[in-house]
Amino acid sequence: DKNVLPFRIDYVDTIKVGTTGDKQVSAIDTESALLAPARVSQVTRYILEHFDQKTKRQEGYALGERRVKGFNSIFATASIDAARRYYNAFQLALRDLPSDRQLKIGLIYSYGANDPVEDGALEEEGFDTGALSLDARSFLEDAIQDYNGTFGTSFDTSTDRFGNYYKDLSLKLKQREIDLVIVVNMFLTGFDATTLNTLFVDKNLRAHGLIQAY
């Protein structure tokens, strides 16, 4: 349909990972390489340098009674640790950008099962922030306070308010009021927004899980 905006999935591929006979050691080495500060910085720079092109920032269109420019995106990461590192990297990189290249960036994750799912299917994260480690929950709390400062809201990681944060973040995506949201699994299944045209991916999506996300 020529009237439907093409949706793109942008895989971040900056490292070649070999295989070894010891899968456990290989997995540890792989995670360490993927989360190396230099690589995280490289991926962050890539997204910032190509963001306007991918999301068509110079193209205007009507959204309800408003006229907006460009589309927004989601950045899917492989783990809570990865999401946190990327959030910090974006905050640091944005400090050096001029006002016309600033982005509004959100972060959301919650506790989810880490066991592999058959056929690569994605399991939706729940809203159980109480099961997060103290460090992971504290980081999420700080990111939500950043969000509150940007949008004048008052959310936190408590059970009731975290659910409302999810709903508000979802609405901000649909209304094109936020540019990029860093996630682990949230928003990768059962979510749709006509303003969303790019999914940056730095995680293993395969088989059924890839189709779910697409």
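Are Y87 and F139 buried or exposed? Both Y87 and F139 are buried, where buried means under 20% relative accessible area, exposed over 50%, and partly exposed in between (1.4 Å probe, protein chains only).

1. This is a predicted model, in which local features need pLDDT of at least 70 and side-chain atom pairs count only at pLDDT 80 or more, while totals for chains, interfaces and linings use all residues. Residues are numbered from 1 along each chain as its sequence is written, and side-chain values use heavy atoms, with hydrogens and water left out.

2. The structure holds 13 aromatic pairs, counted when ring centres of Phe, Tyr or Trp (its six-membered ring) lie within 6.5 Å, with planes under 30 degrees apart called stacked, over 60 edge-to-face and the rest tilted. One of them joins Y87 and F139, which are edge-to-face at 6.0 Å centre to centre, with 80° between the planes. This pair links distant parts of the chain, since Y87 belongs to helix α3 (residues 80-94) and F139 to helix α4 (residues 134-151), 52 residues apart; helices are DSSP runs (H or I, at least four residues) and strands likewise (E, at least two), numbered from the N terminus.

3. The ring centres of F187 and F191 are 4.7 Å apart and their planes stand at 70°, so this pair is edge-to-face. F187 and F191 are both buried, and they belong to one aromatic cluster whose members include F127, Y147 and F151.

4. R176 lies in the loop between α5 (159-174) and β6 (180-183), and it counts as buried because its relative accessibility is 13%.
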